[in-house]
Amino acid sequence: MNYNELAELVLPNIKTTPEDIEKRYPPRELPEGAKVTRFAPSPTGFLHVGGLFGCLTDERLAHQSNGVVILRIEDTDSKREVTGATELFIENLNHYGIHFDEGAVVGGDKGNYGPYRQSERAEIYQTFAKQLIREGKAYPCFLTAEEIDEIRKQQEEKKLLPGIYGEWSKWRNASIEEVKEALAAKKEFVVRLKSTGDPSNHFKFTDMIKGTIDVTENNIDEVLLKSDGIPTYHFAHAVDDHLMGTTHVIRGDEWLPSLPKHIEIFNALGFKLPKYCHTAALLKMDGPDSKRKLSKRKDPEADVAFFTKEGYSSEALLEYLMTLLNSNFEDWRMANPDASITEFPVSLKKMSVSGALFDIVKLYDVCKNVLCRKSAEEIYNETSDWAKIYSPDFYRVFTENPDYTKNFLSIGRGTAKPRKDFGLYSEVQEYSGFMFDEYYNENGEYDERFDNSLIKDVLEQYLKVYDYNDEQQDWFEKIKDVSEKFGFARETKQYKASPESFKGHVGDISSFIRVAITGKQNSPDMYQVMKTLGYDKVVERLNKQIKRLSV
RNA sequence: GGCCCAUUAGUCAAGCGGCUAAGACGUCGCCCUCUCACGGCGAAGGCAUGGGUUCGAUUCCCGUAUGGGUCACCA
């Protein structure tokens, strides 16, 4: 068989040689130990949390080693491509502060190892495919979908491995005449790898995360080039990662089963194998005692945009993802509460080999910890940004008087043990709403143990003594005085010591005032709330409640 | 079904032949307290299973079970 002739027949338009192409991709000049990684999504929808997790890994590993991280778009499947998905990816990645050194950007590319969209690299793949045919390592296959189905059926009946391989491949040893004939008949074809593997052979392979794993040799004549001349993932992976100088391929472990194919393709091409890092998938509960991969289709929380919409801060999500990435991150965070996550040394060795449940409850705890450390100014700005899009009515009220809002937000903030009232920007409305007349609940529920007339009397009495200019201590003394006057204990302890001697305690009296002024059972420090609210508003609300309780 | 991977409390997990088996989230209780949110203290809860190897196995080996992944001209 004259493989040169075959190659010309199959890919007549390809005039470039592998050498021509290699020249365009000179070795990178990087410091010792620098890692080159890439995030390579296919633009088939939204950015998945698992994708963000992976690309966080890519980014951290590259940058902490003074390496390079690339954004490569794997748009080789035109059937599944979603228009605008690439831009959406870039936008979301930006929102999470993931910065790429090279790769696709809106409207083009950045970097010298492009193009970074696989759809623009057809000539490159075809050149290498042609070379493989020339060397007798690949061949055109004219099998139709129906024929392949038929083969699979027979294989199933005989309980054999499904796929195109060995004697099942009618075209791997076809004569040049047969190929010419098929070509003349304008039959569609793909280019397949002529596998030399034997699945009864196993060998050891070291994955940077999984450790030593058992691999079965590939014997499938995998499709390299689809009938439209565009490569499959497997072939594009080998060609691109070789040319772009990727040192570490970080990808989900759903790729593990096809690793043998990739090894064989790299070998056929004469390329050095990169290091592989197969990360475990993020899981979620599916029923009472079953877990499954977080699904793009079924789970709304798989979409990172879901978190933005729900009011999660991007930092918190990243922070949580870091705890899943490296189990020692939490300890590090406790020791370095204010450090940027970029200072944390990510280690491949600390990565989990098995999948972690995406724990939204734990995420929430992280959220609270992240937000409680922010200044009132930051909370104000970030909540405004969120509300502007997702809760415009609240946004208007919230931002009407910025200083007023920030004053309220600063209550219990900036101390060593800050309040943790909310974890999401969307919760700020519930937390702060009562500060605005538009959201203040006039029909707050008082403690049912006490009569409305008693509460009314207490409020009237308090109104008499209330002085806006009181210091906190005096303010509280007055509440205690009112308590005593109505037969309530001045101190909680007194009450606890002999509950029968009192109607209640100072806490109950405070709660009357609290409900009157905030419309809620709970609130931050009442003294500061009243200070922030202002004299007029306090008096107005007290009067309103006295009136309401009179009827 | 074949192949591959995994298995420490409800969850995330330290552990890498000898420990009363860390820690975090969650749950529960107590304390603090003007309520709540914090904070402090404490509690319940775990090495899937059967064989080996070994003076000794959570740790090493084999089997079993369970869970997961994957078997496309999708990535």
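Strands E7 and E8 run antiparallel and are joined by 6 bridges. (Strands pair when DSSP finds at least two bridges between them.) In this hairpin, 3 residues lie between E7 and E8. Aspartate 207 has glycine 211 of E8 as its bridge partner. E7 spans residues 202-207; 0 of its 6 residues are buried, so E7 lies largely in the open. Buried means 20 or more other C-beta atoms within 10 Å of a residue's own.

This is a predicted model: local features need pLDDT of at least 70, side-chain atom pairs count only at pLDDT 80 or more, and totals for chains, interfaces and linings use all residues. Residues are numbered from 1 along each chain as its sequence is written, while chains are lettered from A and ligands numbered from 1 in the order in which they are written.

E8 also supplies at least two residues of the surface near RNA strand B. Near means a C-beta atom, placed from the backbone, within 6 Å. Of the 64 residues around RNA strand B, Glu74, Ser327, Ser352, Ser354 and Ala356 come nearest. H21 gives the most to this surface, with 5 residues.

H19 (residues 472-485) packs against H21 at about 110°, with axes 9 Å apart. That makes H19 roughly perpendicular to H21 (65 to 115 degrees). Ile479, Lys480, Val482 and Ser483 in H19 meet Val506, Ile509 and Ser510 in H21; contact means C-beta atoms within 7 Å.

The table gives both regions by residue class.

| Region | Nonpolar | Polar | Charged |
|---|---|---|---|
| Contact of H19 with H21 | 4 residues | 2 residues | 1 residue |

Technical notes: Helices (H or I, at least four residues) and strands (E, at least two) are DSSP runs, numbered from the N terminus. Axes are lines fitted to C-alpha atoms, for helices over the stretch in contact, and angles run from 0 to 180 degrees between N-to-C directions. Angles under 35 degrees count as roughly parallel, over 145 as roughly antiparallel, 65 to 115 as roughly perpendicular and the rest as oblique. Two residues are in contact if their C-beta atoms, placed from the backbone, lie within 7 Å. Ala, Val, Leu, Ile, Met, Phe, Trp, Tyr, Cys and Pro count as nonpolar, Asp, Glu, Lys and Arg as charged, and the others, Gly among them, as polar. A residue is buried if 20 or more other C-beta atoms lie within 10 Å of its own, exposed if 12 or fewer, and partly exposed in between; C-beta atoms are placed from the backbone.
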